[in-house]
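Hi,

Here is the structure for you to look over.

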Amino acid sequence: MKTRTPISIYIIVTVGLTVMAFEMFAHDSGYFSSPFFWALLLIATILLLIMNSIGDLVENEKFSRLSSYEKQEYLREKSTPYFQKLWNSAFKKQSQTEEKDILIDHGFDGITELDNSLPKWWIGLFYFGIIFCAVYMLAFAFTDYAHPDAEYDKETKVMLASIEEYEKNAPTINLETAKYSADNIAEGEQLFKTNCVTCHGDGGRGGIGPNLTDTYWINIKEKSLFKNVFWMLENGSPNNPAMRPFVKEGTITGRDAEKIAAYVYHINQETTPITVTQGGAAPQGEEVKWENNNQ
Ligand code: HEC
């Protein structure tokens with residue numbers, strides 16, 4: 001007769017599997033503080049205890065039918081601690097007589113084969129793998145668990161909310177308060193790519209909209225180049241509705257406009273103009289000498 005796995009091991013495994021399942025199906029619901037979670041654990045534990053008591057009865061009944069030698073064997077086995085038994089089943093070498101019992105009746109050149117039973121840790125891992133796989137597949141099929149898209153959406157929402165919060169409290173930036181900063185150029189370039197490239201071309205070389213890298217300008221509303229670009233972003237073009245009032249219509253914020261204007265300043269003043277021969281649009285408007293051009 002075989003000895004039984006102690007109830008404590010069952011309880012630990014059950015708790016572990018329950019936490020795993022909740023972690024997959026309800027990981028962001030704060031299940032740790034939900035009464036449902038703890039009630040489930042309690043019920044599972046009570047069921048295990050009941051099963052264990054039934055197991056005790058069955059075991060007693062079986063024990064009484066054993067021969068006295070078997071009884072002794074059984075008691076000896078039962079007195080070995082569980083983990084030691086696990087260890088033995090994994091690593092202990094069988095004695096000669098034990099090997100004889102499980103020797104398979106074939107061999108070649110003195111090589112023989114033993115019919116070992118699989119170690120318990122191996123079987124445990126095997127069943128754990130199967131259960132984990134089933135739980136994982138269910139969680140993946142029916143919940144957002146482990147879906148990169150869902151995680152991405154969630155994080156984006158959190159990020160956008162925090163940006164909105166920031167915009168609410170941060171002072172708004174307008175034509176007066178906008179300041180040039182070289183630190184804004186890189187971000188301005190990204191914003192330019194999303195909002196402006198369709199008309200003003202790669203690097204501001206021009207297309208539907210004028211070339212922004214040369215010294216010729218149609219709209220001269222401010223004395224400095226930086227402020228002039230900001231003015232255009234705020235008000236749009238008075239001559240051509242294609243150049244929209246991006247800030248006023250709410251497509252970009254004043255903060256974005258400050259960054260984009262820094263980028264346009266950079267491509268206009270700190271890099272060489274993209275000429276017609278290099279694929280740039282022909283100059284439009286009149287040549288301008290800006291004063292204090294980044295203030
Ligand atoms: C739908 C096309 C379109 C988009 C998108 C667009 N623009 Fe324009 N932009 C124009 C046109 C057309 C003009 C010329 C307006 C005029 O003739 O007064 C212009 C003019 C300008 C001017 C003034 C140029 C000058 O010579 O007077 C600046 C600066 C400018 N745009 C910057 C931007 C920036 C920065 C963005 C991105 C936020 C942007 N534009 C997006 C079409 C566009």
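**Helix packing and ligand contacts**

Helix H1 (residues 7–25) packs on helix H6 (residues 120–142) at an angle of about 25°, and their axes are 9 Å apart. That makes H1 roughly parallel to H6, a label for angles under 35 degrees. Axes are lines fitted to C-alpha atoms, over the stretch in contact for helices, and angles run from 0 to 180 degrees between N-to-C directions. Helices are DSSP runs (H or I, at least four residues), numbered from the N terminus.

This is a predicted model: local features need pLDDT of at least 70, side-chain atom pairs count only at pLDDT 80 or more, and totals for chains, interfaces and linings use all residues. Residues are numbered from 1 along each chain as its sequence is written, and side-chain values use heavy atoms, with hydrogens and water left out.

Leu17, Met20, Ala21, Met24 and Phe25 in H1 meet residues of H6, among them Phe128, Ile131 and Phe132. Contact means heavy atoms within 4.5 Å.

Helix H10 (residues 225–235) and helix H11 (residues 254–269) pack at about 135°, with axes 9 Å apart. That makes H10 oblique to H11; oblique covers the angles left after under 35 (roughly parallel), over 145 (roughly antiparallel) and 65 to 115 degrees (roughly perpendicular).

Now the ligand. Of the 21 residues around the ligand (a heavy atom within 4 Å), Cys196, Cys199, His200, Ser237 and Met243 come nearest. A side-chain N or O atom of His200 is 2.7 Å from a ligand nitrogen. Ligand oxygen atoms lie 2.9 Å from a backbone N or O atom of Ile218 and 2.8 Å from a side-chain N or O atom of Asn239.

Best wishes

Methods: Helix = DSSP H or I, 4+ residues; strand = E, 2+ residues; numbered from the N terminus. Polar contact = N/O pair within 3.5 Å; in protein donor to acceptor, adjacent residues only side chain to side chain.
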